[in-house]
Amino acid sequence: MTGRLRFVLALVLAVALFPLLLIAVAQTWSEAREEQRVQRDRMIILGALAASELNESIARAQGVVDAVSTRGFAFMSAPGGCSRAMAQIASGDSVLTNIALTDADGEIICSGLEEAQNLNMGSEDWHAALSNGDQQAVSGVLMGPVSRTPILVVANRLGDGPDFRGSAAAAIDVLRASRILIDNAMADGSQVLLVTPTEAREVDRSRTLMPASIEIQRDLLQSVLQIDQPQPTNIRFEGADRPAVLAPLVEGQLALLLISPTATTQWGLVSVAATFLVPMLMYALALVSVWLAVDHYVLRWLGYLRRIAAVYGGGRLDVVPVRARKAPGEIRELANTMGEMAASLEKQQSELEASVEQRGALLREIHHRVKNNLQIIVSLLNLQAGRMTDGEARMALMEARRRINALSLVHRSLYEADDLRAVYMPGFLNELALNLQHASDDGSRTVSVQAECDEVSFEPDTAVPIALFVAEAVTNAYKHAFTRRSQGRILISLTASEPEALILRISDDGEGMEEGASQGTGSSLMEAFAMQLNGRTWSEINADGGMDFVLQVGGKND
């Protein structure tokens, strides 16, 4: 956003100063016309130099190939590797893209470019000429299979014998070989196109080929077949004639087309120091001044206030934008408003935190008192059970005590926890298992109660039915699973991804359920607790011969 503001202000100033540039353009118009004529003469000279430069590159490449072909087989057994030797030789001349050795079938067996390994040159005209007896060969213009640029291939036969055993070949980058022409032309702002009798491709500043941006007439393409020296011409573009020169590189095959800029855009060809440069510098200076002023007086303060807002968003409302006191008046007022807003929010937040803390204290007190009241009830039941002589009635009171103990444990877990909204189930079930073991231990048997639970926390509305279900299932196991045994084990396991998808299993290694056993109060209560959770419950014989009491909530029903 700040960058957009800077751009808009600079654009407004640019529009305001634009008439100054128009005056400079009018002053340079006449000089540009004359300069175009000078430019055309210069391009003709460059075209002649380009052809000479390419011929020199071919001669140098021929000398390299002559040396490599006489020692080609020695290179193949060089200690440093043939490919490395070829790469080192090719690096000595900037116009050579690669040097390679081929066998009699045209398969490249040694190459300075790793990407060219295993390419086959058997179908190329220069390879066929060597195979048919020529000692040397120069190809036409090819598209390099690796470099994807126009190349010429200079090649010699390997060895001096009459049998054709392969070739040594060097690839010349046509664009690099014409670098004087291309670099000088592009430095002047001219467009450079590589032209064959069938198509024209534009050369950019990195010497790569691109689709031509100017439509070239077919008769101009065909003229590549006849010219043998630079030829002036005109290119029709955007309704105007543009001076151009067609310079042959490979006679009858390849030429360079240099197109001069139009008079209205050829700033580099005129005497800009007196007629254009000074207004342009004034124009640029004005834009830079506005750019820096906006950055210093507006944007940097907006950035500072944005960082302050981010700090407020992170919860640190006590930060005061002190640095903004040095800002311009409008920015200072905005900073003061933000500071007042933060102070107000901080006050409201403190009030909310105090209210939440008070509510938490009240909830803890409620859970504490409920737990204490339940413990009083348990104590009363213990006193009453101690005075009862009827064993069945005493057992009923003890079962009620276990159920109330389970409820008391839920409330105790809530008021002791940091989060009053949830019960941490692993700790809760472990403590419940220990309480049930102590409450059910009558001294005649040794039965351990253990718990295994996933790392989950449930709301009290879920934890209470689970606790009561566990208490009933463990009580049933104590009563019926170990009647003829003095030792045993009861395992409470809870697996759950969320409160709506859980499996609670109470397993014992006891004697199993007797045939014809009727459903008692405990089983009815367990079904009621399962319905409270919108789940279902069942019992089954486990692998140890004992019973499993299962509570499932969510998931697929078997």
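# Reading cores, helices, loops and a pocket

Me: Which residues touch the most other members of the largest nonpolar core?
Reply: The general idea comes first: in soluble globular proteins, nonpolar side chains tend to be buried together. Here the core has 40 residues, and Met 425, Val 470, Ile 492 and Leu 504 touch the most other members. A nonpolar core is a set of buried Ala, Val, Leu, Ile, Met, Phe, Trp, Tyr and Cys residues joined through side-chain atoms within 4.5 Å. Buried means under 20% relative accessible area, exposed over 50%, and partly exposed in between (1.4 Å probe, protein chains only).

Me: Which elements give two or more residues to this core?
Reply: They are helices H11 (425-440), H12 and H13 (521-532), with strands S14 (446-453), S16 (487-498), S17 (501-508) and S19 (547-553). H12 gives the largest share, 11 residues. A second, separate core has 33 residues, among them Val 68, Val 192, Leu 209 and Leu 254.

Me: What should I know about the model and its numbering?
Reply: This is a predicted model: local features need pLDDT of at least 70, side-chain atom pairs count only at pLDDT 80 or more, and totals for chains, interfaces and linings use all residues. Residues are numbered from 1 along each chain as its sequence is written, and side-chain values use heavy atoms, with hydrogens and water left out.

Me: How many helices and strands does the protein have?
Reply: It has 13 helices and 19 strands. Helices (H or I, at least four residues) and strands (E, at least two) are DSSP runs, numbered from the N terminus. Of the protein's 558 residues, 41% are buried.

Me: What span should helix H12 have?
Reply: The expected span of a helix is 1.5 Å times one less than its number of residues. H12 (460-480) has 21 residues, so it should span 30 Å; its end C-alpha atoms are 30 Å apart, which agrees. The helix is largely enclosed by the rest of the structure, because 16 of its 21 residues are buried.

Me: Is Phe 482 buried or exposed?
Reply: Phe 482 is buried, with a relative accessible area of 1%. It sits in the loop between H12 and S16. Contact means heavy atoms within 4.5 Å. Beyond neighbours within four places in sequence, the contacts of Phe 482 include Arg 445, Val 447, Ile 490 and Asp 509. Phe 482 and Asp 509 are 27 residues apart along the chain, yet their C-alpha atoms are separated by 8.7 Å.

Me: Where does Arg 316 lie?
Reply: Arg 316 is in the loop between helix H8 (272-313) and helix H9 (329-387). Its relative accessible area is 53%, so it is exposed.

Me: Where is Asn 534, and what is its phi?
Reply: Asn 534 lies in the loop between H13 and strand S18 (535-541). Its phi is positive, about 60 degrees, although it is not a glycine. At 70% relative accessibility, Asn 534 counts as exposed.

Me: Which residues lie nearest the centre of the second largest pocket?
Reply: Rolling a probe the size of a water molecule over the atoms shows where empty space is left. On a 1 Å grid over the protein atoms alone, a pocket is an open set of points where a 1.4 Å probe fits, with protein on both sides within 12 Å along at least five of seven lines; lining residues have an atom within 4 Å of a point. Here 23 residues form the lining, and Asn 98, Met 121, Pro 145, Ile 151 and Ala 171 lie nearest the centre. Strand S1 gives the most to this lining, with 5 residues.
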